[in-house]
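Please walk through the structure shown here, starting from a backbone detail and moving on to loops, helix packing and a pocket.

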Amino acid sequence: MVSRIFTSNSGVRRWIAGSAALLVGVALLSGCSGQSGGSATLDKKAKVSLTVWTGQEEGAEKLLDKLAAKFEKLHPNVSLNLSPGASSTEDLLQKLSASFAGGNYPDMSYSFGSWTSQLESSDRTLDITKQVADPSVKWSEFSKAAQETARPTGKKTIGFPAIVDNLALLYNKTVFDNAGVAYPTNDWTWDDFRAAAKKLTDKSKNIYGYAYSVSGSEETTWQLWPHLWQNGGDILAKDGTKSAFNSEAGVKSVNFLRDMAITDKSVYLDQTDTKFGQLFASDDIGMITSGPWELYDLGIAKTKYGVTYLPGTNGNHATVSGPDVWALFDHKDANRAYWTYEWAKYLTDPAQDLQWNVAIGNLPLRSSEADSPEFAAQVKANPGLDVMAANSANATTARPTVAGYVGLSAAVGDAVSQVLQGKGTAESALTTAAAKADKALKAK
């Protein structure tokens, strides 16, 4: 996606970048010095100065500055000191790690979702579980995946969701019309999807029904997870220490994609992660599974497209999401803790989120924002955004945030890429991937 989503090019690219930074930060997080101290008793009128690392580029930073000024006007005793925190969002984890060791860490920071388990293990985060249980917070308005990412181990809530996304099915109306195939609906099954992809494929014109990344990156891996979940599988065992994808559900999921690629020859196999979006925009691919970051470019290309939920299995249309969070940090100061929470809550309330996420073209954080005039304007500019917002309800499971997920993802991505290119079976590839993944999880 273009710079309108100021954190990165897409949910999966945020995740890839975050995972790379996690490899640098994980060792640093384990060796922290003592925490700072402050007031043990809350005084809501006491003057408080909070440091906030936003991880944003200039355009988004200005919007946050405006919201911070409004908050300060409402609460004159609070000063909010906002800055990007690092030269890029990807560098924030390393910066946080160094600040933990030096005792000069911020009160709140933007965080990629893939970092949250590591941040919790730093023993520097606030636990706001009791506060967000208050009905007035309306925590349930966040998607399940976003809630789980903010509660990485299920023990503590370390912050509020910051950005949400998900994978949906995008279809090219020109390709469908030329092939005489009916458009997808939210009720489609994967059998419907496969049949349509075969009909849409025209090798004489280099047109494919579907596209899939075989780069072996997280783009390859996260596209598999909805299939796995819909087939009843899991990525990790319940205790998070071993992989669980090497199962009947996993084999079935990979074989479905293999059959489309090898038997039907209806899948364009993208070695780069980037070409499939361009080919879809130029009417050379009938369907892709992608997210809100794709819509702006399709509008620029004047592509005729539509958006639906992912196809489902027995009525289950589970999708995958890559939420980011506003992580909150503990300075052992009751006043700072109170106002850090209040600022995060204010920022993620619907009225402010409409001036932040919705204003820059992201999906709204909360389900209650879907009927707002502000979001309607964005939907008019980017048709299908409303479907993706509704699709947040299908984001019921979060991707793992454990450090070992980096190695697990690489192992699965390589396995899927090999199988889709006709090298080995799903069974053998996933067995090899599971051994590599378990080693990565053990070494985390």
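Predicted model: local features only at pLDDT ≥ 70, side-chain atom pairs only at ≥ 80, totals over all residues.

Most residues other than glycine have a negative phi. An α-helix has 3.6 residues a turn, so residues three or four places apart point the same way.

Two asparagines also have a positive phi. Asn206 is not a glycine, yet its phi is positive, at about 55°. Asn206 sits in the loop that joins α8 (190–200) to β6 (208–213). Because its relative accessible area is 55%, over the 50% cut-off, Asn206 counts as exposed. Asn314, likewise not a glycine, has a positive phi of about 55°. Asn314 belongs to the loop between β9 and β10. With a relative accessible area of 82%, Asn314 is exposed.

The loop between β9 (305–308) and β10 (324–328) also holds Ala318. Is Ala318 buried or exposed? Ala318 has a relative accessible area of 7%, which is under the 20% cut-off, and therefore counts as buried. Apart from its neighbours within four places in sequence, Ala318 is in contact with Pro226, Gln230, Leu310 and Asn394. Lys199 lies 119 residues from Ala318 along the chain, and 25 Å separates the C-alpha atoms of the two.

Next comes a pair of helices. Helix α11 (residues 248–264) packs with helix α18 (residues 405–420) at an angle of about 35°, and their axes are 9 Å apart. The crossing of α11 past α18 is right-handed. On the α11 side, Val254, Leu257, Arg258, Ala261 and Ile262 take part, and they meet Val416, Val419 and Leu420 of α18. By class, this contact has seven nonpolar residues, no polar ones and one charged.

The last stop is the largest pocket, which contains about 690 Å³ of space. Its lining has 25 residues, and the closest to the pocket centre are Pro152, Leu236, Lys238, Gly240 and Pro400. Which helix supplies the largest share of the lining? That share, four residues, comes from α4. Both α4 (116–121) and α6 (144–150) supply at least two lining residues each. Divided by class, the lining has eight nonpolar, nine polar and eight charged residues.

Methods. Residues numbered from 1 in each chain as written. Heavy atoms only, no water. Axes fitted to C-alpha atoms, helices over the stretch in contact; angles between N-to-C directions. Left-handed = near helix turned anticlockwise from the far one by under 90°. Contact = heavy atoms within 4.5 Å. Nonpolar A, V, L, I, M, F, W, Y, C, P; charged D, E, K, R; others polar. 1 Å grid on protein atoms, 1.4 Å probe; cavity = no way out; pocket = protein on both sides within 12 Å on 5 of 7 lines; lining within 4 Å. Points joined across faces, edges and corners; volume = space filled by probe spheres on them. Buried < 20%, exposed > 50% of the residue type's maximum accessible area, 1.4 Å probe, protein only.
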